[in-house]
Amino acid sequence: MKFDDTSEGLGLRGLQVAPAQAFGAVRLVPLLKEHVREDLRLGTLEFKDRRPHAVGLRGQADAPTVAYCSYIPHAYVLRWSSDGTAVAARGAALTDKQLGLREVGGVRVLHRMVRQEEPGALRFLPLHLAMEGFLSLHFGGPDVAWSEYSRQALSHGLSPRRERAVLGSYVHGLEDAVRMFEIHERQVGALVFVADALAAMVVFPHPDDYRALHRSLVRDFFGELVYQYAILYDDVPAHRVAVREAEISDLAGLRAAVARARADWTAFTADMAAGVLRETLRWKTVHRTGPFRLRRFMSALRPDEDNHIGEAIVRDSGELEYCKTFRLSAAQVRRAYLLEKLAQHHWDLARTAESLGVEVPALLVRLRNAGFGYLLKEHVLKNLPSGTV
Amino acid sequence: MTMSAETRHAAAARVTCEDLVVFLNACFCCTGQREFYSDGHAQTVSIEFLHDYIRGNYRRLYARTLAAGVNHFNRARIVTELLASSRHLGPGERRDEGRLVVAALRSLPAPRAYRALLAVRARGVNNRRLRAIVRDFLSSRPDLQFDAIKYRDKLRDLILHTHLRLPGELGGFLFKGWKQRRYATPLLETFRQAHFSDEAMYELPFTVAEGMAARRNIDRAVFLRKIAPRLTALERLRLQNTAAREGVKELAIDLARAGLTRVAIYLLSLPSAERRERRAELQAALDGAARRCLREAPLALGRVAAVLDRSYSTTGSPDKPRRSLAVALGIDALLRAASAEYMSFWTPAEGDPLLAGPRGQTDLTGPLLDALEARPELVVVVSDGFDNDPTGGAGEVCRVFKARLDPEGRTTIVHINPVFDAPELGPRRLGPGVPTLGLRDAEDLPTALAFARFAAGDLSLGELEDYLARRVDVFLRRAEVAPLEEGA
């Protein structure tokens, strides 16, 4: 994947952070919109019948045997108007034909993963864009036929490339937290922290969209780390405001002091989310229409920091209209990091090892442990020490 | 360092007083049902622990809490606990406890009283004391034949356990089966006939007839129309939605007679369009209920401000839908009727309180500051104690206000909480400086306000005992039971 832009994080242009609500290990932070606009709306399309769904592939939409299979709880339908007039979210009102649905042997096949349903309406699958971008990172495999790489790696690239994620409702305590969360009036998004690690950031275009989609948070997928943190930690401390009583002389002073304490906490929560809000992100624009750009992004993939991938719709003025992020687990970051380093050095194992400051056998062990053993020939992997180096 | 005997005694008294206040507060609001923030199991475990602890350590006071206005669920639970463990008691203690238990059983609704006694059976306790109390309870029932029809299984199980002799034909009716003979008692005969004739069925209490009607596939609308004269006031209120669905007009209720919280729950159950249409009528019903409530328990207040929570968490749970919001509405009406000058501050502030549903975050800080700016004598905060915009803001405002802005205590702040928070073993507090009072029904506000000084921790064990003694006297007199011998 080629990135076309590098910038300083998602930022909070047009958004305000409100005080966090903590339930057990989960902390949900509301994001409020300063000026609500009506020209972009998002609705869900629920796949109500329990039959499996598949998605046809580009160019092979009608081939019955080729399809992309995935867990798809719902799709989003995005509607917009280019001249700023109001549009209504009516995702579920689309007919099968509009959706490009067809039946193949009991499986409902969707026509393409991202599809323009009609002028001004786009259907896409949540987080699919981000995940697809991550999986396709250097998917082509070695571009120089070094002798260490297996024939499969040279002819088929990294295929099959897979990563694991956990359904939101399996994240301990998330379901309760989402149920008990009190939605603000102008709220369009939320920061989800688990054991005070940023698990996801969600932003929708309109407060009504958020209200409708708030519960779908438990149907999103989360990284392995988030799942483990939720089990390991019972509680996070509440962000209680405190006022120094000696400084207060009247009610107006008290009001101001509480407002100050509230602002301090919200600034602090924004700091906690620096991983997506402030750190450098690499962007790729996927779709452009009217004043909106649908883009995916990935953080710098430094193994010692938290790394996020995600997708966003950004208005030309820089306001965030839609965003969904996924926190990569340490193993996922390690895999992506190794691939990037290899690609940087044209898949030359010796130079890559040198740039990482290790010997070649150590790099081979790391590749094997990261699950990339299938890229290398069998004799290369022979006689390697077991365990980590 | 060793404590002198006197210090030790004072410390013990303070601990007793605090324990008892925690227990009473829990007993005012907890019903062992699921709440918004905790499930039913956590609630049960929490309240059971409190009962065990207080009964084990302060048995004499535990019995007296029956008179303190605790809710039905806890009153029944205390009765069960007292009857199930009495081996080590002296004769005097037994007599006094017995009188309190008898008075409590008379004050409870019949199904709850029966269930409390059957819970003793479930514990495997059967002794002379229990039998005497059951005998007394049954003889105090206004119409035992009616009980034998409406609470047939419960009465039968109780008799099976205690081997008491029932008057007239009741013994045969309960144990030999109603099919065997004709009855001379009219009600029992009606019950027998109801199995064969529809007319007789409509003479029976609603809950009994309902089962028979279902077995005979009688149309729900027809059944409701014909059983309407037999419905109790609460059944009538409960069936309003069903009646509206089935198009039954005969079930119209007289809102001018229902209790305050019931009226509030009923009006919150109406769809918003209907509420808007009948707004004036509903407001009048609410105010009328508040005035009636004040006639029974007078309350005269001066300049009062109320901070009322209608955030999303007042949705409650499937067990208690919208109860917190109903209590807030009830208290709003009650305070408006009881105070010379009244201001209310809702959170969130937008919209008509009678028309809006539970929605939005809990910002108690802003409304509380607005309320304090008006310099009232009393500020009543009605909330479940989870303020989240910002978290803990209300407690901080109360603390600083007391310490810095109102050291003479011209303004009293009281927090009323309709929700039992299981992990805290009581209603969740706003902060250490504010007395928090549990409350199940808005009607009990006068009792709660009287109890506020204990919840604030200002008063000693002696004063708490005096308070309980006064309540015990009234409680026993009202139930027509002889006063305690040892003195309360």
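Modeller: In this predicted model, 24 residues of chain A are in contact with 26 residues of chain B.

Biologist: Which element gives the most to the side of chain A that touches chain B?

Modeller: That is α7(A), with seven residues. The residues on that side of chain A divide into 14 nonpolar, three polar and seven charged.

Biologist: What packs against α7 of chain A from the other chain?

Modeller: The buried residues of α22(B) do, and they also pack against α21 (365-373), β3 (378-382) and β4 (412-417) of chain B. Helix α22 of chain B covers residues 393-405, and its buried residues include B:V397, B:C398, B:V400 and B:F401.

Biologist: What does chain A contain in terms of helices and strands?

Modeller: Chain A has 12 helices and 20 strands. Of its 389 residues, 39% count as buried. Among contacts in chain A with a separation of 6 or more, 65% are between residues 24 or more positions apart.

Biologist: Let us look at two helices of chain A. Why is α9(A) called oblique to α11(A)?

Modeller: Helix α9 (residues 330-344) and helix α11 (residues 360-372) of chain A pack at an angle of about 125°, with their axes 10 Å apart. Roughly perpendicular ends at 115 degrees and roughly antiparallel begins over 145, so the pair is oblique. The crossing of α9(A) past α11(A) is left-handed.

Biologist: Which residues make the contact?

Modeller: From α9(A) they are A:R334, A:R335 and A:L338, and from α11(A) they are A:R366, A:L367, A:A370 and A:G371. What makes the polar count one? Gly counts as polar, and the contact of α9(A) with α11(A) divides into three nonpolar, one polar and three charged.

Biologist: Now chain B. What makes α1(B) oblique to α2(B)?

Modeller: α1(B) and helix α2 (residues 40-57) of chain B pack at about 140°, with axes 11 Å apart. Only angles over 145 degrees count as roughly antiparallel, so α1(B) is oblique to α2(B). This crossing is left-handed. The contact is made by B:D19, B:F23 and B:A26 of α1(B) with B:I47, B:L50 and B:I54 of α2(B). Those residues divide into five nonpolar, no polar and one charged.

Biologist: Where else does α1(B) lie?

Modeller: Helix α1 (residues 5-29) of chain B lies across β4 and β7 of chain B, running at about 50° to β7(B).

Biologist: Which strands make up the open sheet in chain B, and in what order?

Modeller: There are five, in the order β2-β1-β3-β4-β7, with parallel pairing. Why do β2 and β7 of chain B stand at the edges? Each has a single partner strand, so one side of each is left without a neighbour in the sheet. From one strand to the next, the twist averages 20°.

Biologist: How do you know that β1(B) and β2(B) pair?

Modeller: Pairing needs at least two bridges, and eight bridges join strand β1 (residues 301-309) of chain B to β2(B). B:R303 stands opposite B:E341 in β2(B).

Biologist: Why does B:L155 count as buried?

Modeller: The cut-off is 20 or more C-beta neighbours within 10 Å; B:L155 has 23, so B:L155 counts as buried. B:L155 lies in helix α9 (residues 152-162) of chain B. Leaving aside its neighbours within four places in sequence, B:L155 is in contact with B:Y114, B:D147, B:A148 and B:L174.

Biologist: Back in chain A, what makes strand β18(A) mostly covered?

Modeller: Seven of the eight residues of β18 (residues 292-299) are buried.

Biologist: How many bridges does β18(A) form with β17(A)?

Modeller: Strand β17 (residues 281-289) of chain A pairs with β18(A) in the antiparallel sense over eight bridges. A:R288 has A:R293 of β18(A) as its bridge partner. The hairpin of these strands has two residues between them, and A:G290 takes a positive phi near 50° there.

Biologist: What joins β18(A) to β19(A)?

Modeller: Seven bridges do, and β18(A) runs antiparallel to strand β19 (residues 308-315) of chain A. In β19(A), A:V314 is the bridge partner of A:R293.

How values were computed
Residues numbered from 1 in each chain as written. Chains lettered and ligands numbered in written order. Predicted model: local features only at pLDDT ≥ 70, side-chain atom pairs only at ≥ 80, totals over all residues. Buried ≥ 20, exposed ≤ 12 C-beta atoms within 10 Å, placed from the backbone. Helix = DSSP H or I, 4+ residues; strand = E, 2+ residues; numbered from the N terminus. Contact = placed C-beta atoms within 7 Å. Axes fitted to C-alpha atoms, helices over the stretch in contact; angles between N-to-C directions. Parallel < 35°, antiparallel > 145°, perpendicular 65-115°, else oblique. Left-handed = near helix turned anticlockwise from the far one by under 90°.
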